[in-house]
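Biologist: I would like to go through this structure label by label and hear what each label rests on. Please set the values against the cut-offs as we go.

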Amino acid sequence: MCGIVAYIGKKQAYPILINGLKRLEYRGYDSAGIAIQNGTLNVYKCKGKVNDLIKHAQSKNLEGTIGMGHTRWATHGKPDDINAHPHQSGNGRLVIIHNGIIENYAVLKETLIKAGHTFTSQTDTEVLIHLIEELQSQGNLPVEEAVRAALAKVVGAYAIVVMDREDPNKLVAARKASPLVLGIGQDEFHIASDATPLVEHTNNVVYLNDGEIAVVTRDGEMQIKTIDNKVQTPFIQELDLKIEEMEKGGYEHFMLKEIYEQPKTIAECMRGRLNAGEGWIRVGGLATCMERISNADRLIIAACGTSWHAGLVAEYLFEELARIPVEVEYASELRYRNPIIGKKDVVIAISQSGETADTLSALELAKDKGALLYGIVNSVGSSIARITDAGSYIHVGPEIGVASTKAFTGQVTLLSMMAIHLGYRKGTIPKTYYQTLVEEMENIPNKVAKILESSKKIEYIASEIKDANNALFLGRGYNFPIALEGALKLKEISYIHAEGYPAAEMKHGPIALIDENMPVIVIATNKSAYEKIVSNIQEVKARKGVVIAIVTEGESVISKIADYTIEIPDTEEPLTPLLSVIPLQILSYHVALMRGCNVDQPRNLAKSVTVE
Ligand code: M6R
């Protein structure tokens, strides 16, 4: 949420900043701006995307070897030119970019107004830069000390970069609950919200910790201190990211590329963790906490959005295969309802970005209550990966499309392996079934590839439902979370109102909505409760609903009743979600495209939600 990029070195900053902003645009695209110093401090910003900024900045003075850039996801103040970042202090000397929310901004603003400050924007960020200015001029402080003094007065979350016109050889960066990474190059430093803009400049990075302030200078100095002024030794890590992973690679959209990558990313997630030839699954992250998880009173899964849906699939998996009770919580609700969490509970956080503020807060609460924290994360080195006691990366590579696809199948792959591994260790699944599941997991990438081959038919179905105003997604058992995920995918990128329901719940309310204009997508691959699903479909047809059924290859009953059927390969029931979600991703993609929506950057959304 909001992309931050900054540069200090010997090269011209503008192309580096613009390129960095393009890489970060998935974090927010309400407005974009840059500030560059070259004797004067020039700030250019406007509503819209990075391309709008490029047009706006054309033929302006873009000279300078120090600067910062920002792409915004609006929190305080509507998306317009004035609220766009960077924001300047009243005296024009200081400039800031910010990701996060300053919660006590209203009180601070009042005090600053009394002290004679005037504000032009509606943002909390402008308040912060005025506060830094006030403290700098009161104490005649260097910029880093003014930043430190100001942050001591701030309540909220922030990742910031500050630049001082009177001190043009220095950038100051700080973080609390919003990510920030420093890239160490040859005679230069880069700063960014995540590593994606850094990879083309350097592989050496330092992830700032909460409560740290970094100062980087043109002569190659880097100093990190805590907000209470204790010097920290920076931990330099090597990045494991490739530029190709962040490009579209010939696809029209990142989402499409990421959908098509899934045979590879699922295999990548299983690499070194599953060997069908030798008949084993081992999830390394579990090794250090196997006993604690096996004997846990409960597994509490905390996540948001698509990751929460992966958590729901895990509830079925862990309860059926490993007989461990599971509760799946929206992280935002868990955090604020005084939950009962004890030392014998294990809290599993699932997050693609590893930076989701709600999930992080839930983990902090669970940590205070003594639970073991396990993270299932994609972004290496992210905050959730670092706060948890143990965990596993899903290794699906950067996911850039705002709609999560390959991260979901990566999460479900990992969770399936965990449940099978635990079930076998606990003796809750027999060896023969264990081996069947291991073998079947290895077949999943090929089966996903086979579904992708049927995308033409799905594209045709998309053309038939693209004008609908509403859609219903139904599924039972393992396919219920997939119904929710299908509905989320459709609504977030095509803006069609969509609901996911357990198929049997339909008769308790949603059935009232069904008429000839309502597409009802039924995920009907279940072996258990098959007849019940058939009845549910009959109930929809009796009310003239348009049924799109996802069935197992060779199925012959539903195919005759449904208006459209999409066949997917057969698999063991606990592994069905890994296949049944794929047609829904493709369907949403095509519907959104046919409706002229921006598939990769849907309105009002951002990839990484770092505000609560
Ligand atoms: O990075 P996370 O997995 O923690 O993100 C959670 C949600 O914000 C995310 O899944 C969101 O719902 C996606 N846009 C869904 O496609």
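**What the labels rest on**

Modeller: Arginine 476 and asparagine 536 meet through their side chains in a polar contact of 3.1 Å. The model is a predicted one.

Biologist: What makes the pair of arginine 476 and asparagine 536 a polar contact?

Modeller: The limit for a pair of N or O atoms is 3.5 Å, and the value for these two side chains is 3.1 Å.

Biologist: Why is arginine 476 said to have no salt bridge?

Modeller: A salt bridge needs a side-chain nitrogen of Lys or Arg within 4 Å of a carboxyl oxygen of Asp or Glu. For arginine 476, which is buried, the nearest side chain of opposite charge is that of glutamate 539, 7.6 Å away. Arginine 476 sits in the loop between strand S23 (470-475) and helix H16 (480-494). Beyond four places in sequence, the residues in contact with arginine 476 include Ala503, Ala504, Lys532 and Asn536.

Biologist: What makes arginine 27 and aspartate 194 a salt bridge?

Modeller: The cut-off is 4 Å, and the closest N and O atoms of arginine 27 and aspartate 194 are 2.9 Å apart. Arginine 27 lies in the loop between helix H1 (13-24) and strand S2 (31-38), and aspartate 194 in the loop between strand S10 (188-192) and strand S11 (204-207), so the pair ties together parts that are 167 residues apart in sequence.

Biologist: How do you know whether arginine 27 is buried or exposed?

Modeller: Buried means under 20% relative accessible area. Arginine 27 has 2% and therefore counts as buried. Aspartate 194, at 13%, also counts as buried.

Biologist: What about aspartate 563 and lysine 541: what makes them a salt bridge?

Modeller: Their closest N and O atoms are 2.8 Å apart, against the limit of 4 Å. Aspartate 563 is in the loop between helix H18 (558-561) and S27, while lysine 541 is in helix H17 (residues 530-542), so this pair ties together parts that are 22 residues apart in sequence.

Biologist: Why is aspartate 563 called partly exposed?

Modeller: That label covers values between 20% and 50%. Aspartate 563 has 37% relative accessibility, so it counts as partly exposed. Lysine 541, at 25%, is partly exposed too.

Biologist: How many salt bridges does the structure hold?

Modeller: There are 29 salt bridges. Arg23, Glu200 and Glu247 are linked in a network of them.

Biologist: Why is leucine 372 called buried?

Modeller: Its relative accessibility is 9%, and the cut-off is under 20%. Leucine 372 belongs to strand S21 (residues 372-377). Among the residues that leucine 372 touches are Cys289, Ile293, Val346 and Asp389.

Biologist: Which residues of helix H15 are buried?

Modeller: In helix H15 (residues 455-465) they are Ser455, Ile458, Ile461, Ala462 and Ile465. Seen down the axis of H15, these buried residues fall within an arc of 110°, so they line one face of the helix. Among the elements that cover them are helix H14 (431-453) and helix H19 (576-594).

Terms used
Residues numbered from 1 in each chain as written. Predicted model: local features only at pLDDT ≥ 70, side-chain atom pairs only at ≥ 80, totals over all residues. Heavy atoms only, no water. Helix = DSSP H or I, 4+ residues; strand = E, 2+ residues; numbered from the N terminus. Buried < 20%, exposed > 50% of the residue type's maximum accessible area, 1.4 Å probe, protein only. Contact = heavy atoms within 4.5 Å. Arc of directions from axis to C-beta. Lys, Arg positive; Asp, Glu negative; His and termini not counted. Polar contact = N/O pair within 3.5 Å; in protein donor to acceptor, adjacent residues only side chain to side chain.
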